[in-house]
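Subject: Structure handover and notes

Hello,

Please find the structure below, followed by my notes on what was found in it.

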Amino acid sequence: MDMFVANFSWAFGAISWLLSWPLTELQGMLQWLPWSVTLVAFTLVGFAAAGCRLAIFTAASLFYMVATGYWQESMNTLALVGVAAPLAAGVGFGMGVLGYRSGVARRVLIVCLDLMQTVPAFSYLVPLLLLFGFGPVVGLIASAIYACPPMVRNVMHGLASVPSALVESGEMSGATRWQSFWWVRVPAALPQIMVGVNQTIMATLSMVIIASVIGGFNDIGWEVLSTMRKAQFGQSLMSGMVIALMAMILDRISAGFASHVRSTVNTPTVSRSNALAASALLLLALFAASMLFPAMRQWPSEWRVYPAAQINDFLSYTVSRYGWVFAEIKQIVNFCILLPLKIGWLRLFDATGYTISPVNQAAYWVAVLCAMLLASFAWKGRGAVLVALVAAACFFGLTNIPWPVLFMVVGVAAWQAGGVGTAGFSLAGMSFILMTGLWGPAMLSLYLCAAAVALSFVVGGALGALAASNDRFSAFIRPVNDTLQTIPQFVYLIPVIFLFQVGDFSALIAIVAFSIVPMIRYTEHGIRSIDHEISEAAIGMGCSTLQKRFQIDLPIASPAIMLGLNQTIMYALSMLVIAALVGTRDLGQSVYIALTNADTGAALTTGFSIAIIGMVADRIIQAWAKKRQRQLGLQEIRSA
């Protein structure tokens, strides 16, 4: 890396200088425009995207930024997103087209995308700092790298999904290859491409706090980070709300325009032109009015609404009055779930001065044997193996399991799910972690992710099943899921830190809150997608509600549920580095140490280790889901 920087730093310096121009210009324009003009402009865009409700929400959210005094920081963040998102979308579109046209490029891109989406952003901040230096442009580039993969995947999927009959129709009409691509394929794939744009914008915004770590930018991400470091809960919450509101605005606007693209009904050109002209006149009138009334240009400081002190007082009162409740919850979960999973019952009782007698140990394993027999009867052999693994992990602890045993377990599971190729990839990835000396931190990461994923699987699966059977609950939980998915990762730490302090339990809560949404969504989608004829046949055969749910619905929906589990694991791993801020000692903490020491090798090696855990889990679960889908004959049922 040192040699590379010495020889090519001039080229990256030129790129940094080139990207600084649009960022500086957009930032200057957003700071120069009166807040009233910007607020109304975004409100009109929201109305055009999704109607009155989004327009009202947009206006209220932007007014919150104005009234709380975060307007300048918000506009700086918007400038960074306004440059990084188009950059990521443009590069992603080009890479997606390349992957669509070339099978070799597609295979290479899929591996690169897996790495980009699973390697923590903090891991590649070190080489970016060495190549581009310290400043806002580095945060911009880091955001663009992180946000590029969704665009690539959606472009490749969209172009490949265009019906061949439509393309043949264009060719028969005399279209050249260039015309067929731009006039037939791209318009037909535009709805899927717009989904990629939406996800790219959201990924860019989720990086604003991480970008502020290296950007030195007076944006809202830096405000959240600095107030968290000072343990100012009220200030952290208020500034974090700005990021959440901005994410919701951009998400709903981009999703609204994506739905417009899917619609076959177009607004007449005349009415659209009239709407644009009226909007332009309104904005000009507001700009002129802001020259006459200074409050419409810059919100007076004496009008600022900033209840951070009151929030801090309320928190202090809550903690002093009910702190014992949070402490008891934390202690119960630590003692009953986290510590047994981490170090095992044997070491846990030794540490507390108690000794598990041989009789008690024998009773434990007899109970495990009974559970294995019951699981074997209910779910055949795989259920018994799962019970045995969980019992062994709780008794000995995940961090104390010998590496050959874990190699054997993962290798057998990968071989059964996807064959020799999946098993070979899994063992090679685990060998990389073992030989780089990161096995210990990797096991700590595995233990924390296992606890979070298990909790998300149980709770999220139950909520998803309830939403699938109850339309009212589904309508209630849908906006909750949308909100959880649009809140940037750092914001989850704000309430957790101040209620439960630092430690593994706080990290567990933050990871579960971030990763539970895919489990809820995929479970509901899988159950709702079941053919009605199957449900009616089960009812006609006399199945009770519970029998239908556990013997019909869940087995048939298991491929979709397992894909939800796959996404939950990916979300949990991506949250590991963020959770390291609250006191964990796993691979996430190793990434932070490498970032502090500017150690490129350690940062990338640790990041690759996290990526390997995610990719191994992804390959095994996806292979199992496809195998299960073939066994259930779901393709034939749905096509029929």
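Helices here are DSSP runs of type H or I with at least four residues, numbered from the N terminus. This is a predicted model, in which local features need pLDDT of at least 70 and side-chain atom pairs count only at pLDDT 80 or more, while totals for chains, interfaces and linings use all residues. Residues are numbered from 1 along each chain as its sequence is written, and side-chain values use heavy atoms, with hydrogens and water left out.

The nonpolar patch

The patch covers about 510 Å² and is made by Met1, Phe4, Phe8, Trp10 and Leu130. A patch takes residues with over 30% relative accessible area and no salt bridge; nonpolar side chains (Val, Leu, Ile, Met, Phe, Trp, Tyr) are joined within 5 Å, and like charges within 9 Å. Areas come from the Shrake-Rupley method with a 1.4 Å probe, and for residues only the protein chains shown count as cover. Leu130 belongs to helix H6 (residues 125-132). Its relative accessible area is 34%, so Leu130 is partly exposed. On this scale buried means under 20% relative accessible area, exposed means over 50%, and partly exposed lies in between (1.4 Å probe, protein chains only).

Salt bridges

How many salt bridges does the structure hold? There are five. A salt bridge is a side-chain nitrogen of Lys or Arg within 4 Å of a carboxyl oxygen of Asp or Glu. Side chains of opposite charge can pair when their charged atoms come close.

Asp504 is buried, with a relative accessible area of 17%, whereas Lys342 is partly exposed at 23%.

Another salt bridge is made by Glu524 and Arg528, whose closest N and O atoms are 3.0 Å apart. Why are Glu524 and Arg528 separated by about one helical turn? Because they are four residues apart in helix H21. Glu524 is buried at 13% relative accessible area, and Arg528 is partly exposed at 38%. Together with Asp471, these two residues are linked in a network of salt bridges.

The side chains of Asp251 and Arg252 also meet in a salt bridge, at 3.7 Å from N to O. Asp251 counts as buried, with 16% relative accessibility. Arg252, at 24%, counts as partly exposed.

Helices H20 and H21

Helix H21 (residues 504-528) also packs against helix H20 (residues 489-500): their axes come within 9 Å and cross at roughly 145°. Axes are lines fitted to C-alpha atoms, for helices over the stretch in contact, and angles run from 0 to 180 degrees between N-to-C directions. The crossing is right-handed. On the H20 side, Gln489, Tyr492, Leu493, Val496 and Phe500 meet residues of H21, namely Phe505, Ser506, Ile509, Ala510, Ala513 and Phe514. Contact means heavy atoms within 4.5 Å.

Gly503 sits in the loop between H20 and H21. At 16% relative accessibility, Gly503 counts as buried. Gly503 and Met3 are 500 residues apart in sequence, and their C-alpha atoms are 40 Å apart in space.

Three further positions

Ser445 is in helix H18 (residues 439-469) and counts as buried at 1% relative accessibility. Leaving out residues up to four places away in sequence, Ser445 touches Leu576, Asp586 and Leu587. Thr584 is 139 residues from Ser445 along the chain, with 8.7 Å between the two C-alpha atoms.

Ser74, in helix H4 (residues 71-101), is buried with a relative accessible area of 0%. Ser74 touches Met65, Val242 and Met246, again not counting residues up to four places away in sequence.

Is Gln551 buried or exposed? Gln551 counts as exposed, at 55% relative accessibility. Gln551 is placed in helix H23 (residues 545-574). From Gln551 to Ala538 the C-alpha distance is 9.5 Å, and the two are 13 residues apart in sequence.

Regards

Conventions: Helix = DSSP H or I, 4+ residues; strand = E, 2+ residues; numbered from the N terminus. Left-handed = near helix turned anticlockwise from the far one by under 90°.
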